[in-house]
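The following note sets out comments on the model under discussion. Its points are numbered so that each may be taken up separately.

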2 protein chains.
Amino acid sequence: MTLSVTGGDLQRLRRLNALAALAALRAGGPATLTQLAERADLARATIKVVIQDLMELGWVVQMDPSGGEKGRPARRYRFRAEAGRVLGLDIGAHKVLAVVADLDGNVLHTTREPVTPEQPRAERLAAVDRAVDACLTGSGTSAPDIWIAVAGSTGYIDLHGHVVLSRAIQDWSGVPLADHLEQRLRCTVLVENDSRLAALAECRRGVARDTRNMIFLHVGRRAGAAVVLDGVPLRGGGGAAGEIGVHPLFNVGGLLQAVPSVEPGTPPDAVAGAVFEAVRRGDDEARRAVLRYVKVLALATTAMALTVDPDLVVLGGGFSRSADVLLEPLRGELETMCLRAPELRASVLGEECVAVGAVCHGVEHLSTMLFNPEVGPLTAVAPPR
Amino acid sequence: MTLSVTGGDLQRLRRLNALAALAALRAGGPATLTQLAERADLARATIKVVIQDLMELGWVVQMDPSGGEKGRPARRYRFRAEAGRVLGLDIGAHKVLAVVADLDGNVLHTTREPVTPEQPRAERLAAVDRAVDACLTGSGTSAPDIWIAVAGSTGYIDLHGHVVLSRAIQDWSGVPLADHLEQRLRCTVLVENDSRLAALAECRRGVARDTRNMIFLHVGRRAGAAVVLDGVPLRGGGGAAGEIGVHPLFNVGGLLQAVPSVEPGTPPDAVAGAVFEAVRRGDDEARRAVLRYVKVLALATTAMALTVDPDLVVLGGGFSRSADVLLEPLRGELETMCLRAPELRASVLGEECVAVGAVCHGVEHLSTMLFNPEVGPLTAVAPPR
């Protein structure tokens, strides 16, 4: 067989070598040329030239020699994660969280603005702006340093990032959230369902790091879910994957209310917590109410599990703080009803779950825009456009 | 940036060019060198050499000039789909279907053996053998020409092709089906869930060809399902994806029985058909029974649809012959309950759906084994090992 190598092929090899070096540096942390050559499976001579190029482009920097040893220590290099910033937002019914992170997703600063489900849209957007401004200031970031912003929001968000329908936030369906953020930040903006971002966070940084197939179950006053398959959060044909909360089966609303030991007049948001507390005190009525709730939760979870056969279900959302009460009975129900019962664990990332997921999504999206061999040659450090 | 090209890179380019030419030939049908160069986006000189190599290896053949035109017509080439054979099997409760096809999946011959759900395992395996033998004879195929055999079977089949659990066939759970077929055929054998193969068939050859995300709903005396995401049937973490039939929600068993107009003594297998027939005659009781059935079917389908957000649901299985009765009320329920209601269509491939899906799966698996740039150099025509 003869060989035909075109100019395009050579360009592609150049890119591939540079991207392999960069990926090795990001995945394994700072390294010497020899270490990198091994990690990236490239000749040391190739790596040397490639790293020089990447330094000129601004993606890689040589570290100060740590010294200590005799002789000249081998030079070490690292990815310049400080070259840009990623903004993550969690826009919920009761709070807005903003997080600024570097290009490796390391969180530099977090801010929080309280909101209410009933607030008009303009007030919630103003709270978003305040949270962003405070986070930029707090992290010493100027707006042009933000390369990408990812906002998680409750509700059905379509593939274009439009908030089609929100039940948890009153005046939110149809809000032009991406437009609002783009106008303020002048960078790439993605809007994504909050449960999906929470699922991503648990997969990359939380309790699901060892799992490729999982269901994130958001339980609280409202129920929702997200599915991760082969490591990727599932959007489905139109972005509505995981919206099991609207199923009649998932009607868990009143199940945790009619418990005598919970004092009349307890605010609606506090009732479930009071029921869980009563269970911990040994209250039988409360235990029965929780078991009824778990049965319904298990029916819905089993329907999802039988559909996608996950290895793991992560219990997240407000009720995950009561995993000590919920996990064992829910596990029992799943083991009875599923053909292949998934493992069940409680979320570990807590309140910052969605915002951390937004940062993870932003970092991964930047990588596909900047460091993807299909996209084009690697250019000097700059936000993608 | 300097360039480092290794021997491995050159080998890879050779392979990529040959595979690009082969893929172009298979996807677009017979072509001249000029047409192929355009299709594969390679230089004509490269294509010429590559096609010569592929002819020497036995994968491509020059076609007889069709003549008719003045002057010497341009030579045309085609993929040698007759180089090997694919065997597809559908092993169900009531029938065994065997299909022999060429490497492009064109069906050459089909045979059918009746079986019963109650038959002991050995008898069903003997029926499988008879169906295979008859199909080989009928298609003029000798066993060594079969490069791959794919068997679809009811039940939960794990990722290794083990029949973990079958409810529809009595003596079938744990049957060493792959071993049995491998011993007889001495080729690669895959065993897969039948609904998953039916879904694949509808996506590649049937009513779902325009869709990447769909749910195949198998409805009959038992209910099952399969999910296709981004064009690929979903297995899930352990192969149990789609086994919604075991969910308490999907308990549709008795719903189509207590209809007065169906004569007592009608065999269980014929009851549903009689109810559907009564609906067509305008029987109100029968219509109400069907609506009750559809309501339950819709609850289960909606749970799956809210989990994966498909663009299309295909109604398959025995009851799909009564799509004229079922489709409209089911569509109404889905439109009420789903956030983003999928389209609903009836299966068009009918009884051969699973066997055709088995052939499609076999052809695609062969392609990844033989024509995958990651696997190794392209070798002369021979079954994969």
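How many residues does helix 9 of chain B have, and how far does the helix reach from its first C-alpha to its last?

1. The model is a predicted one. In it, helix 9 of chain B, residues 323-337, has 15 residues. The helix reaches 20 Å from its first C-alpha to its last, which is close to the 21 Å expected at 1.5 Å a residue.

2. The buried residues of helix 9 of chain B are A323(B), V325(B), L326(B), L327(B), L330(B), E333(B), L334(B) and M337(B). Seen down the helix axis, these residues fall within an arc of 165°, so they line one face of helix 9 of chain B. An α-helix has 3.6 residues a turn, so residues three or four places apart point the same way. The face turned away from the buried side of helix 9 of chain B carries exposed residues, namely D324(B), E328(B), E335(B) and T336(B).

3. Against which elements do the buried residues of helix 9 of chain B pack? Their partners, in chain B, are strand 11, helix 7 (268-280), helix 8 (284-308), strand 14 and strand 15 (343-346). Three of these elements return in the next point.

4. Chain B contains an open sheet of five strands in the order 13-12-11-14-15, with mixed pairing. Strand 13 (232-233) and strand 15 of chain B stand at the edges with a single partner strand each, so one side of each is left without a neighbour in the sheet.

5. Strand 11 of chain B, residues 214-219, pairs with strand 12 (residues 223-229) of chain B in the antiparallel sense through six bridges. A hairpin of three residues joins strand 11 of chain B to strand 12 of chain B. Within this pairing, M214(B) stands opposite V228(B). With strand 14 (residues 312-316) of chain B, strand 11 of chain B pairs in the parallel sense over five bridges. In strand 14 of chain B, L315(B) is the bridge partner of L217(B), and G316(B) is that of H218(B).

6. Is strand 11 of chain B mostly covered or mostly open? The strand is mostly covered, with five of its six residues buried.

7. Helix 3 of chain B, residues 44-57, has 14 residues, which should span 20 Å at 1.5 Å a residue; its end C-alpha atoms are 20 Å apart, which agrees. Its buried residues include T46(B), I47(B), V50(B), I51(B), D53(B) and L54(B). These cover an arc of only 160° around the axis, which puts them on the same side of helix 3 of chain B. Exposed residues A45(B), K48(B) and E56(B) are carried on the face turned away from the buried side of helix 3 of chain B. G58(B) follows helix 3 of chain B and has a positive phi, near 95°.

8. For chain A, the UniProt record, an unreviewed entry, places the feature "domain: HTH iclR-type" at residues 17-62. Over residues 17-62 of chain A the chain is 74% helix and 11% strand, and the end C-alpha atoms are 19 Å apart.

9. How are the two chains related? Chain B superposes on chain A by a rotation of 180° with 0.1 Å of shift along its axis, at an RMSD of 0.1 Å. That is the relation of a two-fold axis. The same surface serves both copies, as 100% of the contact residues of chain B recur in chain A.

Terms used: Residues are numbered from 1 along each chain as its sequence is written. Chains are lettered from A and ligands numbered from 1 in the order in which they are written. This is a predicted model: local features need pLDDT of at least 70, side-chain atom pairs count only at pLDDT 80 or more; totals for chains, interfaces and linings use all residues. Side-chain values use heavy atoms; hydrogens and water are left out. Buried means under 20% relative accessible area, exposed over 50%, partly exposed in between (1.4 Å probe, protein chains only). Helices (H or I, at least four residues) and strands (E, at least two) are DSSP runs, numbered from the N terminus. Two strands pair if DSSP finds at least two bridges between them. The expected span of a helix is 1.5 Å times one less than its number of residues. The arc is that of the directions from the helix axis to the C-beta atoms. Contact means heavy atoms within 4.5 Å. UniProt positions are given in the numbering used here, feature names are shortened, and annotations may be inferred rather than shown by experiment. Copies are superposed by least squares on the C-alpha atoms of residues with pLDDT of at least 70 in both.
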